[in-house]
Amino acid sequence: MFRYFKSILILLTTIFLLVGCSQSSSKEKEKSSKELTLLFNFPTNTLDPHLDTNYTIVRAGVGETLVKISEQQKIEPWLAEEWKSKDGKNWTFKIREGVTFHNGKKVDAQAVKASLERAINDSPSVQAALKISKMKADGQLLTIQTEEVFPQFPSELVHPNTAIVDVDEKDIDKRPIGTGPFKISSFEPGVELKVERFEKYWDGKAKLEKATFAFNEDANARKMALQSGDADIIFRPPVENLEKLKEENVKIESVPSLRTHQLFYNMKSSYMKDENVRKAMDALIDRKEIVEHILNGHAVEAKGPFLAGSPFAPSYEEKESGIEAAKQYFSNAGFQVEDGKVTKDRKAVRLKVLTYASRPELPLIVQILQSKAKELGIEMSIQQVENIDEYLAANDDWDFATYSSVTAPRGDAAYFLNATYMPNGALNYASINHPELTASIQQLNQTVDVNERNNLAKKALKIIDQKTLHSFILHPNIIVAYRDGVKNWVTSKSEYYMLTKDLDVEG
């Protein structure tokens with residue numbers, strides 16, 4: 001009997017040890033697993049790359065485009081290893097060899113053609129942006145003809161809505177099959193996307209085994225998720241909590257974005273059609289004060305629509321600013337400047353300015369400008385509108401307006417210049433029609449050589465600056481906070497590339 005109980009005891013002890021070792025091994029495995037959670041601020045309800053305005057599958061490393069944009073705002077090869085065109089209308093793209101979709105299918109020119117055709121058919125904005133009239137696939141060569149001479153065409157293929165997916169698969173809105181370093185594990189609309197490493201990725205295996213791309217619009221909730229360890233990387237933490245986060249060994253990156261806050265001057269306004277009045281208003285903008293006190297230093301003062309250092313940004317001459325400079329400009333415009341007051345034909349000057357709240361710093365910027373104008377005896381009424389684009393398109397009862405836009409989303413100046421300054425441009429709410437500028441942009445549109453294009457863009461920007469057709473205020477920063485163990489994170493100016501193959505965590 002004793003031997004029986006002894007045998008049972010030995011058996012139970014062995015089982016206990018095995019279970020203990022198993023649990024210890026499991027915990028160790030879980031601990032050593034390379035995975036992280038990124039918490040983004042804009043939720044998405046679809047993963048369809050051709051329709052998702054949040055570009056989730058490119059940001060999450062699931063999908064890739066033919067070309068990509070570097071941090072220096074230059075176009076680089078991605079799924080297309082090279083491309084060429086002699087006339088800016090007929091293009092040949094060589095699709096990279098050795099690339100497969102996550103389901104193992106080869107990525108050739110025919111697969112790329114089918115994906116681009118789907119994007120064009122399903123998205124009017126993609127169709128309008130690409131202007132493709134026909135395509136032909138032959139092995140790894142894709143030939144594309146655009147509707148017109150379109151030298152900046154490759155830059156449009158940076159757009160995440162042109163990401164290449166296998167169009168023969170079902171449920172593209174929930175589980176698109178892309179080519180990136182990660183493939184989809186699960187997706188809960190509006191909540192999170194889970195991905196895992198694609199072992200046969202063409203550019204080498206990702207360092208992370210798994211990742212979660214989650215969504216939360218509440219900045220404080222994102223901050224608390226980082227503090228509790230539920231998130232490893234968060235976008236746009238509350239600015240007022242940055243110093244506190246630094247004390248908790250959290251790393252903060254604040255990088256100037258490709259977005260620009262600006263003033264649109266209405267050329268139909270009896271005041272703003274005068275160049276000197278526009279210069280006077282520009283002189284009243286204290287960019288340093290706005291950057292330091294409204295954005296807590298997380299912005300860069302703007303001299304033009306593009307970041308300094310962009311290949312198409314010129315050098316600008318320093319301008320006079322302040323109250324006295326504004327008075328001089330008003331005097332040059334024929335206004336009466338007496339006893340510290342500015343009048344026109346002895347009548348008070350009243351200006352109407354538009355702003356909107358979705359960019360909360362814009363109304364504050366206008367209030368500072370209103371205070372400066374008051375020192376000159378100028379009355380400035382502020383109207384806050386819900387949809388700035390709709391209002392500007394439908395009304396001309398305003399003198400100037402705040403506006404914010406990404407000015408170089410795809411590494412080329414032509415997008416912003418055409419949209420904002422051509423007579424029929426989609427963003428030409430100010431009714432600008434400057435013959436010399438129009439001719440310069442038209443020449444840019446017909447030029448293929450990149451260096452020549454950049455020089456022509458600089459020429460156009462010099463005209464805009466000299467005539468003060470807009471006032472460019474600042475480039476707001478992209479702010480990201482991440483835990484100390486995160487490695488190789490890059491805060492991209494474009495915000496297109498987040499979960500990359502090089503992103504890592506300490507094991």
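1. The charged end of K68 sits over the ring of Y497, 4.7 Å from its centre. The charged end of K68 also sits over the ring of W78, at 4.4 Å from the centre. A charge counts as over a ring if NZ of Lys or CZ of Arg is within 6 Å of the ring centre and within 35 degrees of the ring normal.

2. The model is predicted: local features need pLDDT of at least 70, side-chain atom pairs count only at pLDDT 80 or more, and totals for chains, interfaces and linings use all residues. Residues are numbered from 1 along each chain as its sequence is written, and side-chain values use heavy atoms, with hydrogens and water left out.

3. A search of the whole structure finds 24 aromatic pairs. Rings of Phe, Tyr and Trp (its six-membered ring) pair if their centres lie within 6.5 Å; planes under 30 degrees apart are stacked, over 60 edge-to-face, and the rest tilted. The F150 and F153 pair is tilted, because the planes stand at 55°, with the ring centres 6.0 Å apart. Both F150 and F153 are buried (under 20% relative accessible area; exposed is over 50%, partly exposed in between, with a 1.4 Å probe and protein chains only). Ring pairs also link F40, F42, F213, F215, F235 and W489 into a cluster.

4. The largest nonpolar core has 75 residues, and M281, I290, F330, L392, F400, L417 and Y421 touch the most other members. Such a core is a set of buried Ala, Val, Leu, Ile, Met, Phe, Trp, Tyr and Cys residues joined through side-chain atoms within 4.5 Å. Leaving out residues up to four places away in sequence, L392 touches F264, L354, W398, A401, Y403 and Y429 (contact means heavy atoms within 4.5 Å). A second, separate core of 66 residues includes L47, A60, A80 and A111.

5. Q140 lies in the loop between β6 (132-138) and β7 (141-146); strands are DSSP runs of E, at least two residues, numbered from the N terminus. Q140 is buried, with a relative accessible area of 9%. Beyond neighbours within four places in sequence, Q140 is in contact with residues including F93, R96, K106 and D108. A polar atom of the Q140 side chain lies 3.4 Å from the backbone oxygen of V107.

6. An open sheet of 3 strands runs in the order β15-β16-β17, with antiparallel pairing (two strands pair if DSSP finds at least two bridges between them). Its edge strands, each pairing on one side only, are β15 (336-338) and β17 (347-348). Strand β16 (residues 341-344) is joined to β17 by 2 bridges, and K344 has K347 in β17 as its bridge partner.

Conventions. Helix = DSSP H or I, 4+ residues; strand = E, 2+ residues; numbered from the N terminus. Polar contact = N/O pair within 3.5 Å; in protein donor to acceptor, adjacent residues only side chain to side chain.
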